[in-house]
Amino acid sequence: MREIGLDIGLDQQIYPWILEVNTRPAIKVFSSLPNKSLYHKIFRYAVGYGRYTASTGKPARTKKKA
């Protein structure tokens, strides 16, 4: 499983535009929403594929390639 983030916008004709694509999008912005359910769902996915650790909530360490 991989993670990708898309920033999109709509013009006056409701036509969608891709503004930016991120391969490691930040999830912290979602923690400021009043309803935390979306943040918790995104965080569970990130823990599931090893980006964050469930016990500390911090990014998982990755080995550097030689």
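Which strand gives the largest share of the lining of the largest pocket? The answer is strand S1, residues 5-10, with three residues. The model is a predicted one, in which local features need pLDDT of at least 70, side-chain atom pairs count only at pLDDT 80 or more, and totals for chains, interfaces and linings use all residues. Residues are numbered from 1 along each chain as its sequence is written, and side-chain values use heavy atoms, with hydrogens and water left out.

Helices (H or I, at least four residues) and strands (E, at least two) are DSSP runs, numbered from the N terminus. Of the 66 residues in the protein, 12% are buried; buried means under 20% relative accessible area, exposed over 50%, and partly exposed in between, with a 1.4 Å probe and protein chains only. The accessible surface comes to about 6100 Å², and carbon and sulfur atoms hold 59% of this surface. Accessible areas come from the Shrake-Rupley method with a 1.4 Å probe, and for residues only the protein chains shown count as cover.

Of the 13 lining residues, Ile-4, Gly-5, Pro-25, Ala-26 and Phe-30 are the closest to the centre of the largest pocket. A pocket here is an open set of points on a 1 Å grid over the protein atoms alone, where a 1.4 Å probe fits, with protein on both sides within 12 Å along at least five of seven lines; lining residues have an atom within 4 Å of a point.

Ile-14 has a positive phi of about 65° although it is not a glycine. Most residues other than glycine have a negative phi. With a relative accessible area of 61%, Ile-14 is exposed.

Strand S2, residues 16-22, holds Glu-20. Glu-20 is partly exposed, at a relative accessible area of 40%. Apart from neighbours within four places in sequence, Glu-20 is in contact with Gly-5, Leu-6 and Asp-7, where contact means heavy atoms within 4.5 Å. From Glu-20 to Gly-9 the distance is 9.9 Å, C-alpha to C-alpha, and the two are eleven residues apart in sequence.

The whole structure has three aromatic pairs. Rings of Phe, Tyr and Trp (its six-membered ring) pair if their centres lie within 6.5 Å; planes under 30 degrees apart count as stacked, over 60 as edge-to-face and the rest as tilted. The ring centres of Tyr-15 and Trp-17 are 5.5 Å apart and the planes stand at 70°, so this pair is edge-to-face. Tyr-39 and Phe-43 have ring centres 6.2 Å apart and planes at 25°, so they are stacked. Both of these residues lie in helix H1, residues 37-48, four residues apart, about one turn of the helix. Phe-43 counts as buried because its relative accessibility is 17%. Together with Tyr-52, Tyr-39 and Phe-43 form one aromatic cluster.
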